[in-house]
Amino acid sequence: MSAEATKKIKLATTSLCGCFGCHMSLLDIDERILDLVTLVEFDRSPITDIKTISECDIGIIEGGVANTENVEVLREFRKHCKILVAIGACAINGGIPAMRNSFTLKECLEESYIDGIGVDNPMIPSDQEIPMLLNKVHPVHEVVKIDYFLPGCPPSGDTIWTFLTELIEGKPISFPYEQIHYD
Amino acid sequence: MPAHILEQNREQGTMNPVTMKDKKTFKLDGKAIEFEDGDTIMDAALRAGEYIPHLCHNPEFTPHGSCRVCIVNVDCKQVSACTQPAIENSEVDNSSDEIMANRRALLQMLFVEGNHICPGCEKSGACQLQAVAYYCNMLSSHFTHFFPQRSVDASHPDTAIDFNRCILCELCVRASRDVDHKNIFAIDGRGINSHLVINSSSGKLGDSAFTASDKAAHVCPVGAILPKHKGYEKPIGERLYDKQPVSIVGDVAAYEQDEDC
């Protein structure tokens, strides 16, 4: 077998405006992660703590787009990944964070940092190190092209395993009924 | 033919030659479906135990044809099965890739037009919009979300209305008008500004004649009209559509009546 054929698939993952629940679900594949690492090499990911992305085969995006850093990271992933996968409710439709879209950003910030119960030293944080919040939380497909969507809050470890194995083996992607849910 | 005779025929596995001759049929995905004069495609399919995805249809009420999810192809024309009278010897396509893709697009538009945050909804798992979307293999919302500004009406002691989730199916309108005879609900506005309104001096449900035992309280296919004090009663894994698709389980309204009344 040639070196090219045995080369591992490079996989990058990130959590934008999400809760890391989807990453927890990825770890829920349990001991199958040993099978996974024989097939793939993790690039930029909270699991490896690598901070910059190199050219990858698959990018997995958890979370929606809520601030300027999310936009930057998402565009970096699109630029460097051949296949980009939106995973979880937040990436797909904004999810729970998108419930703030019913209010203005000003109202949200004032509720959190000025008027909220138990707020000490009321002040809206403003430092150039803190990414600017967007007016609304957006699903990732509104910012870049997404190749696959894996719904769930979070999708189960089994769903992620079904998807990754079928994708890597070049099979058509299909799931048993119980593995697809929006919550 | 009366239902009990149909049942007998099914049980015996034979058809009386005379009634056989009288029976009109059309083909649903190649399978012969019997129908009577005045039947819609949906009526005949439901009677034969064949599933056509739907949201605004409930056999107890006059067909409405507004959600369009039941579109089928009849002799190369797309129509809503719940309003289209069955035509003898016609070929009805209920499952081609084209029909399923169109249904997905319709569902995606329903999702982006409102605020359907499934992880934060008490109806999740027993929601017909979700279940039909699963059946139609909808994995993403595809379109740009509207994120409309809509309110929640929690003024009634037993029932809450979350307008974010209303898909304008008018089942509550029909139930309140035709069964409860209270006319509590209506759709106001046009086009994208269409919205559900409540018939009370304040526009609030709490000031209307609505009660939790009304038919209108038990027909909502989504989480727009919700009973209070019983949220998340059923654990994940045991909810209506957790294990089996809507094509087998059936409409959520059928179960709501059993549970609450």
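This is a predicted model: local features need pLDDT of at least 70, side-chain atom pairs count only at pLDDT 80 or more; totals for chains, interfaces and linings use all residues.

Tutor: Chain A has seven helices and seven strands. Along the sequence, they follow the pattern α-β-α-α-β-β-β-α-β-α-α-β-β-α. The C-alpha atoms of chain A fill a box of roughly 65 × 35 × 30 Å along the principal axes. Chain A has 183 residues, and 38% of them count as buried. Take the contacts in chain A with a separation of 6 or more: 78% of them join residues 24 or more positions apart.

Now bring the two chains together. Their contact takes 23 residues from chain A and 17 residues from chain B. On the side of chain A that touches chain B, helix α5 (residues 89–93) of chain A gives the most, with three residues. That side of chain A divides into 13 nonpolar, six polar and four charged residues.

Next, the sheet in chain B. Five strands form an open sheet, and their order is β2-β1-β5-β3-β4. The pairing is mixed. At the edges are β2 (31–35) and β4 of chain B, and each pairs on one side only. From one strand to the next, the twist averages 35 degrees.

Look closely at the end of the sheet with β3(B) and β4(B). Strand β3 (residues 71–74) and strand β4 (residues 77–80) of chain B pair in the antiparallel sense, over four bridges.

Now follow β3(B) to its other partner. Two bridges join β3(B) to strand β5 (residues 91–93) of chain B, and these strands run antiparallel. Here B:Val74 has B:Val92 in β5(B) as its bridge partner.

Helix α4 (residues 97–113) of chain B lies across β3 and β5 of chain B. This helix runs at about 150 degrees to β3(B). Pick out B:Leu107. Beyond its neighbours within four places in sequence, B:Leu107 is in contact with B:Val69, B:Val132, B:Ala133, B:Cys136 and B:Met138.

B:Leu107 also leads us to the largest nonpolar core, which has 63 residues. The residues with the most contacts inside this core are B:Ala45, B:Leu107, B:Val132 and B:Cys172. Helix α5 (residues 128–135) of chain B gives the most to this core, with six residues. Why does the core lie between two domains? Domain 1 (3–95) and domain 2 (99–228) of chain B both give residues to it, so it lies between them. There is also a second, separate core of 40 residues, which includes A:Ile61, A:Ala91, A:Ile92 and A:Ile160.

Finish with B:Cys172, which is one of the buried residues of α6(B). Helix α6 (residues 171–178) of chain B is mostly covered, with six of its eight residues buried. Those six are B:Leu171, B:Cys172, B:Val173, B:Arg174, B:Ala175 and B:Ser176. What covers them includes β8 (185–188) and β10 (225–227) of chain B.

How values were computed: Residues are numbered from 1 along each chain as its sequence is written. Chains are lettered from A and ligands numbered from 1 in the order in which they are written. A residue is buried if 20 or more other C-beta atoms lie within 10 Å of its own, exposed if 12 or fewer, and partly exposed in between; C-beta atoms are placed from the backbone. Two residues are in contact if their C-beta atoms, placed from the backbone, lie within 7 Å. Ala, Val, Leu, Ile, Met, Phe, Trp, Tyr, Cys and Pro count as nonpolar, Asp, Glu, Lys and Arg as charged, and the others, Gly among them, as polar. Two strands pair if DSSP finds at least two bridges between them. Axes are lines fitted to C-alpha atoms, for helices over the stretch in contact, and angles run from 0 to 180 degrees between N-to-C directions. A nonpolar core is a set of buried Ala, Val, Leu, Ile, Met, Phe, Trp, Tyr and Cys residues joined through C-beta atoms within 7 Å. Domain bounds come from an automatic or database domain assignment.
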